[in-house]
Amino acid sequence: CRWDNEDLFIPSFYSTGSVTGACMCSYLWDYCGGLMLHPLVDPMVNKDNIKAYLNIDLTMSYALKPVTGGPAGPWYQVNQEKLIQMVYYHILHTGEIDFLYEEINGKTLLDWMIYQAYVCDDPSKPVELYDYGEGGRDHLELRRGIPYCGIMPDVNARRYMNYKRVYELTCLAGRP
């Protein structure tokens, strides 16, 4: 749902739901349902959303509050994948490579992408599957009624694509 209202954090704000159905937050997962279309249909607002999501800690939350732009909810294990894809498709569809050099919350967008790719990883250690621990209770369970905790294969596989997408972005920026 797009809201055009100057009182909102982003004057053209995409919420997950509506006032009557609640969900006025912009949940990263839901916003990214259109991640390939947003840069084509609404590129400036898409950039505003990318910047807004980078102004909250996506290792501690998963949504933007509509009025303050503050964080909402706990960490969701696919946040990093969704944000990386948002940027990847924005650059792919708009050709705005200079956007990768724009500073957002103390880092360039490209540095943020590298940071997001490394969430859950320590490059100084051998590569291994990440154990998400008990945090899997917030993950979309693959088995009904049974918490999906520990080493989650689907989320670990997404990390591989994060690295590929960020590598492509670093090549476009001339910093492979």
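Colleague: What does R158 count as, at 23% relative accessibility?
Modeller: This is a predicted model, so local features need pLDDT of at least 70 and side-chain atom pairs count only at pLDDT 80 or more, while totals for chains, interfaces and linings use all residues. Residues are numbered from 1 along each chain as its sequence is written, and side-chain values use heavy atoms, with hydrogens and water left out. Buried means under 20% relative accessible area, exposed over 50%, and partly exposed in between (1.4 Å probe, protein chains only). With its 23%, R158 therefore counts as partly exposed.

Colleague: Which residue forms a salt bridge with R158?
Modeller: A salt bridge here is a side-chain nitrogen of Lys or Arg within 4 Å of a carboxyl oxygen of Asp or Glu. The closest N and O atoms of this pair are 2.4 Å apart, and the partner of R158 is E81.

Colleague: How far apart in sequence are the parts that E81 and R158 tie together?
Modeller: Helices are DSSP runs of H or I with at least four residues, strands are E runs of at least two, and both are numbered from the N terminus. E81 sits in helix α4 and R158 in helix α6 (residues 153-172), so the parts they tie together are separated in sequence by 77 residues.

Colleague: E81 also has a salt bridge with K82, so is K82 buried or exposed?
Modeller: The E81 and K82 side chains meet at 3.7 Å, N to O. E81 has 10% relative accessibility and counts as buried. K82 has 12%, so it counts as buried.

Colleague: Which residue meets K51 in a salt bridge?
Modeller: The structure holds nine salt bridges. In this one, the N to O distance is 2.7 Å, and the partner of K51 is E102.

Colleague: Where do K51 and E102 lie, and how far apart in sequence are the parts they tie together?
Modeller: K51 is in helix α3, and E102 is in the loop between α4 (79-94) and β6 (103-104). K51 is partly exposed at 23% relative accessibility, and E102 is partly exposed at 28%. The pair therefore ties together parts whose separation in sequence is 51 residues.

Colleague: Which backbone oxygen does the side chain of H38 reach?
Modeller: H38 lies in helix α2 and, at 11% relative accessibility, counts as buried. Leaving out residues up to four places away in sequence, H38 touches Y14, Y31, P43 and N46 (contact means heavy atoms within 4.5 Å). At 3.1 Å, the side chain of H38 reaches the backbone oxygen of Y31.

Colleague: How far apart in space are H38 and H90?
Modeller: In sequence, 52 residues separate H38 and H90. C-alpha to C-alpha, their distance is 7.8 Å.

Colleague: L37 is in the loop between α1 (28-31) and α2 (38-41), so is L37 buried or exposed?
Modeller: L37 has 54% relative accessibility. Judged by that value, L37 counts as exposed.

Colleague: How many residues are in the protein chain, and what share is buried?
Modeller: The chain has six helices and seven strands, in the order β-β-β-α-α-α-β-β-α-β-β-α-α from the N terminus. Of its 176 residues, the buried share is 44%.

Key
A polar contact is a pair of N or O atoms within 3.5 Å; within protein, one must be able to donate a hydrogen and the other to accept it, and residues adjacent in sequence count only if both atoms are side-chain atoms.
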